[in-house]
Amino acid sequence: MSPVSLAIVGAGDRGSGYARWALAHPDQARIVAVADPSEERALALARPSGARVFPDWRQLADAGRIADAVVIATQDADHAEPAEAFAALGCHLLVEKPLAPTEDECRAIVAAVERAGVIFAVCHVLRYAPYTDTVRSVLRSGRIGEIVSVQHLEPVGFWHQAHSYVRGNWRRSDQASFMLLAKSSHDLDWLQYVVGRPIRRVSSFGGLKHFRPENRPEGAASRCLDCAVEPDCPYSATRLYFGRLREGRHGWPLSVVTSTFTEEALTGALRHGPYGRCVYDCDNDVVDHQVVAMEFEGGATGTFTMTAFNTGGHRRTRIFGTHGELSCDGQSVVVNDFRTGATTTLDVTPTGDATAGGGHAGGDERLMDAFVRAVATGERDLIRSGPAESLASHLAVFAAERARLTDQVITVE
């Protein structure tokens, strides 16, 4: 089979990650076009493959169907228009999660791809991670009986919250999307996938507890570079970014702050850019902790907790069944059998850590492999995150946020 030709729309961190996979697998995929308003970013992605560069996705679309498939990795609010346009051209689509910041736009994207009949996948990378296969295999085998309830924790990490959701691109719901959609749509989607049933009812509680002006320490400056209390602040931008620079860790999140990896360039970025701001002096409004209670079709129940106040790492899950219990942390799966009293530990060796910089524990790589093979062969069953299932999990997320804002139990449409 000839390699699948790809166009990358959005040359930021996520688009770059998918492009790196294509460059590492030239027998499977080749990049033929890159569209991004930043010529520097676009050229950096396009140069290794000799791809054409476009300053805007509209100009790429005007060129016609020059690629078999399009990867849409723009900001959340900029997914719907290009997705609908490229679907109409007959391009297969891989769209970064979340699909879009509104229900109407999510439905419009799904309608467009179904109307066009193109292969479509959402980047719900957790569905593709190796440990997910192990969890699903145990559950489908019946070893713990019927699933009765689930506990699931997403430990966002104190530094990740500060980087992405206080200082960064996802700090405001009106400019990107609310926290549950921006960060945790992965998780509600993953829970539906492993339980094997859609979420039917939700309630939710949470808010912005800590990263607020009233919690600013006495004597704190507006920027970490000027701050007398910075050495004792857990959210110090100076410590986070200069630490990674000096260790030679130039990938995410440092690559978001600066593209030139020198102390002078980083100092300038922290002096003048958003990532050097005091976390108590930003314009952020997304929550830093949230709990969702849910009922699955068939009556099983679950709780999901997202919190910034931890050291991060893999998600942690416990699933309780009528015949046993399963717990997993992204690296191992432990099964307790009520009938025999036996405890079995199944090791899962991830190919990277749980962050975007670590490839989501192998999920990014396996997503790209599945999508490209589906486009090359026409085997749609390779896609685990297609239009119907992705829309269902997005609707559960929107319902959960409505439940939080209105203090109600919401039935998912």
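The structure is a predicted model.

**Strand β4 and its partners**
- Strands β4 and β5 (residues 92-95) run parallel and are joined by four bridges.
- Strand β1 (residues 4-9) also pairs with β4 in the parallel sense, over four bridges.
- Within this pairing, A7 stands opposite V70 in β4.
- Strand β4 comprises residues 69-72; A69 and V71 point one way, V70 and I72 point the other way, and all are buried.
- In a regular strand, side chains alternate between the two faces of the sheet.

**Cysteines**
- A disulfide requires two cysteine sulfur atoms within 2.5 Å, and by this rule the count comes to zero.
- C91 is in no disulfide, as the nearest cysteine sulfur, that of C123, is 16 Å away.
- C91 counts as buried because its relative accessibility is 2%, the limit for burial being under 20%.
- The sulfur of C106 lies 14 Å from the closest cysteine sulfur, in C123, and is therefore too far away for a bond.
- C106 likewise counts as buried, because its relative accessibility is 0%.

**Histidine 163**
- H163 is located in helix α7, which spans residues 158-166.
- With a relative accessibility of 2%, H163 counts as buried.
- Apart from its neighbours within four places in sequence, H163 is in contact with G168, Y241, W252, P253, V256, V257 and Y275.

Definitions and conventions
Residues numbered from 1 in each chain as written. Predicted model: local features only at pLDDT ≥ 70, side-chain atom pairs only at ≥ 80, totals over all residues. Heavy atoms only, no water. Buried < 20%, exposed > 50% of the residue type's maximum accessible area, 1.4 Å probe, protein only. Helix = DSSP H or I, 4+ residues; strand = E, 2+ residues; numbered from the N terminus. Contact = heavy atoms within 4.5 Å. Pairing = 2+ DSSP bridges.
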